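User: I am new to reading protein models. Please show me how to read one, feature by feature.

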Amino acid sequence: MDTQTIISLFVILGLLEIGMLFLYVQYKRGMVEGNPFFTIFKKEVKILYYAFFKWKKPNSRFLLHQNSSYFWLFLALMHEQLIEMVFLHIYMKQEDPALANIVTALHIYSVFYIMGDYNWVRNSPVLVKNNRVHVRIGARRELHFHLKDIAHFRKASIQYNKSGGMIHEKGVFHVTAFPRELTRIFGMSDELQYEIIFKTPLQSKGYFGQRKEVNKALLYIDQSDELIEFLKNEMEKQVDGDEFVEEGVTKPFKNFKINWRLYFSLILLNLTGAIALAPYAIARGNYHEQMGVSEILFSIIFVGQILLEAAILIIIAMLISKKIGWDLPLISTINRRKDLPSYKNKILATVGYGVGAALLILLTSYIISKPLGIDNSSINEPVWWLGVLGSFGAAATEETIFRLFLVTFLLWMFMKLPKVKRTQANWLAITVAALIFGVLHYGVASSTFEMTMGLFAGMLLINGIGGVVFGALFIFWGFEFAVLAHFMADIVIHVVAPQFI
């Protein structure tokens, strides 16, 4: 892939991460009903299901798609996607085969998605059951209300401004098969026929489960007259004293408090670490040459990617931490502008733990190197000052990922298991995170050595030693002590030891 494509992929990944963070924050605030990621997964599976099944003619009243303009738009979108897929694949196959296959796969998915979306809407009629009205526009949005919520009905039509543009009213739920996004873009829509005005604002749900307050529902469906007449008759039939049980009552927003000073302190630590780590990565791995970009551009991409990951993982860890309890004693103390004399002994002990972990790693590496045929002198370590920068950068960024986030997340998960005590959960989280920490060093090891099962096991053991030590310090003393121990271990391994090998 060329430089522009790689940058584009990084930008897309970054935007996806920002979107995921936004959704998660909305979920924690109670503004999204249900876990949005689980909701998306379920809907994607159902869309693929509807893409291939249930294509028989629906046998229901009040169908959304009947005589809707969306049918013709559906055909147009299908033709556009198929034609674009064929011609783009033929063109891009000559320029970049790998990218051509990626784009073709995305086009195929788009075709299935359009098919699934249309068929789901076909199979989602307006339902009236037990004095409740259920409106689901496929995967896109839904609204449920009781007949007692209705104030009155009114004939309606689409309104236009003086320049001829369509007026998009806020606080309304559109009962139509035609996608609202395309209405806003192209100014196309089915014919608006009725308004259902509610006595008080109701809550609708969007694609991700996000709540939206609506005052009325706008009917565009072909059978609007029949539906309104049916609702009027049902309202007249209601027996006095009929209990109203509201479905999906809005929950109050959750108390969502983040210590932003602490959050941005951790972001600053990761930003500094990423900037320090970039020149070390360039000098040791020549990653900029592998990507085909300049050193400056690689550094910008590298720092940006780490910063985005840190922004998401830190906030998730801070949210989970309220349930399990972890501490950042040094940073918290500094933010409160207090002295640090009480931590002197722990800091000195942590330095010792870091150096001790490094010596144990070096000894283990020395013992297993000869049987595994590893030549440690082949490791390309840059000049000492780059090693210092790399040691700090790795300590800050890796401890954020593997201890601050991963150990916290695993501990939270293990504490949910029945009959698992806190001590057991602590060591399970530390051990599993250490193993994952070792596995994710595979890329670095494989770039230097030809990987075998023995070498892979040795890599797990060597990195696992550090992972266990740093994890224990994180759990029992705090995040900063894990960072300090990691830094000292890397100084010994990557700066001091190479002088004697």
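User: Is Lys 205 buried, exposed or partly exposed, and why?

Analyst: Start with the cut-offs. Buried means under 20% relative accessible area, exposed means over 50%, and partly exposed lies in between (1.4 Å probe, protein chains only). Lys 205 counts as partly exposed because its relative accessibility is 24%. This is a predicted model: local features need pLDDT of at least 70, side-chain atom pairs count only at pLDDT 80 or more, and totals for chains, interfaces and linings use all residues. Residues are numbered from 1 along each chain as its sequence is written, and side-chain values use heavy atoms, with hydrogens and water left out.

User: With which residue does Lys 205 form a salt bridge at 3.9 Å?

Analyst: First the idea. A salt bridge is a side-chain nitrogen of Lys or Arg within 4 Å of a carboxyl oxygen of Asp or Glu. Here Lys 205 pairs with Glu 142, and the closest N and O atoms are 3.9 Å apart. Lys 205 lies in strand β6 and Glu 142 in strand β3 (residues 141-146), so the pair ties together parts that are 63 residues apart in sequence. Helices (H or I, at least four residues) and strands (E, at least two) are DSSP runs, numbered from the N terminus. Glu 142 is buried, because its relative accessibility is 8%.

User: Which residue forms a salt bridge with Lys 205 at 3.6 Å?

Analyst: That residue is Glu 33, with the closest N and O atoms 3.6 Å apart. Glu 33 lies in the loop between α1 (3-28) and α2 (36-52), and Lys 205 in strand β6 (residues 194-205), so this pair ties together parts 172 residues apart in sequence. Glu 33 is partly exposed, with a relative accessible area of 30%.

User: How many salt bridges does the structure hold?

Analyst: The structure holds 9. One of them joins Lys 216 and Glu 195, whose closest N and O atoms are 3.4 Å apart. Lys 216 is in strand β7 (residues 211-219) and Glu 195 in strand β6, so to speak distant parts of the chain, 21 residues apart. Lys 216 counts as buried at 11% relative accessibility. Glu 195 is buried too, with a relative accessible area of 9%. Through shared partners, salt bridges also join Glu 33, Arg 136, Glu 142, Lys 205 and Arg 211 into one network.

User: Which side chain of opposite charge is nearest to Arg 180?

Analyst: Lys and Arg count as positive, Asp and Glu as negative; His and the chain ends are not counted. For Arg 180, the nearest opposite charge is on Glu 181, 7.4 Å away. Arg 180 is buried yet has no salt bridge. Arg 180 sits in helix α5 (residues 180-186).

User: What does Arg 180 contact, leaving aside neighbours within four places in sequence?

Analyst: Contact means heavy atoms within 4.5 Å. By that rule, Arg 180 is in contact with Arg 141, His 168, His 174, Ser 189 and Tyr 220, leaving aside those neighbours.

User: Where is Thr 400, and what does Thr 400 touch?

Analyst: Thr 400 is in helix α12 (residues 384-415). Thr 400 is buried, with a relative accessible area of 2%. Not counting residues up to four places away in sequence, Thr 400 touches Asn 270, Ile 314, Phe 405 and Phe 479.

User: What about the whole chain?

Analyst: The chain has 16 helices and 7 strands. Of its 501 residues, 47% count as buried.
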